[in-house]
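Take a moment to look it over before reading on.

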Amino acid sequence: MPKSISIELRCNKNSGGTYNASTFVNGKLAAEPDLSVNRGNCDAIAMLYDRVKKLHPGVDPRIKGLDKTCLDKIMR
């Protein structure tokens, strides 16, 4: 029986308008440094989303903590 994988991108907006984001797999922080963004813009979060999708092709990652404008841009 295949193991279920849950992936979340947890984001928060900094006071300067940039974002920090971390990838959590099954509730645990991913150890790979290329699966996080520090002080990035919306495009950096979109590239992180694409990397995670390529790493886990059958899983649709959930994104938490982004504003609607940035989230809409990523989901296009």
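Predicted model: local features only at pLDDT ≥ 70, side-chain atom pairs only at ≥ 80, totals over all residues.

What follows covers the strand pairings and then the helix contact.

**Strands**

The table lists its pairings.

| Pair | Sense | Bridges | Bridge partners |
|---|---|---|---|
| Strand 1 (residues 7-13) and strand 2 | antiparallel | seven | Glu-8 and Phe-24 |
| Strand 2 and strand 3 (residues 28-29) | antiparallel | two | Val-25 and Lys-28 |

Two hairpins are worth a look. In the hairpin of strand 2 and strand 3, two residues lie between the strands, and Asn-26 has a positive phi near 55°.

**Helices**

How do helix 1 and helix 2 cross, and at roughly what angle? The axes of helix 1 (residues 42-55) and helix 2 (residues 68-75) come within 10 Å, crossing at roughly 40°. Helix 1 is therefore oblique to helix 2, and their crossing is right-handed.

Which residues in helix 1 meet helix 2? Cys-42, Asp-43, Ile-45, Ala-46 and Tyr-49 do so, and their counterparts in helix 2 are Cys-70, Lys-73, Ile-74 and Met-75. Sorted by class, this contact of helix 1 with helix 2 has seven nonpolar and two charged residues, with no polar ones.

Note on methods: Residues numbered from 1 in each chain as written. Heavy atoms only, no water. Axes fitted to C-alpha atoms, helices over the stretch in contact; angles between N-to-C directions. Helix = DSSP H or I, 4+ residues; strand = E, 2+ residues; numbered from the N terminus. Parallel < 35°, antiparallel > 145°, perpendicular 65-115°, else oblique. Left-handed = near helix turned anticlockwise from the far one by under 90°. Contact = heavy atoms within 4.5 Å. Nonpolar A, V, L, I, M, F, W, Y, C, P; charged D, E, K, R; others polar. Pairing = 2+ DSSP bridges.
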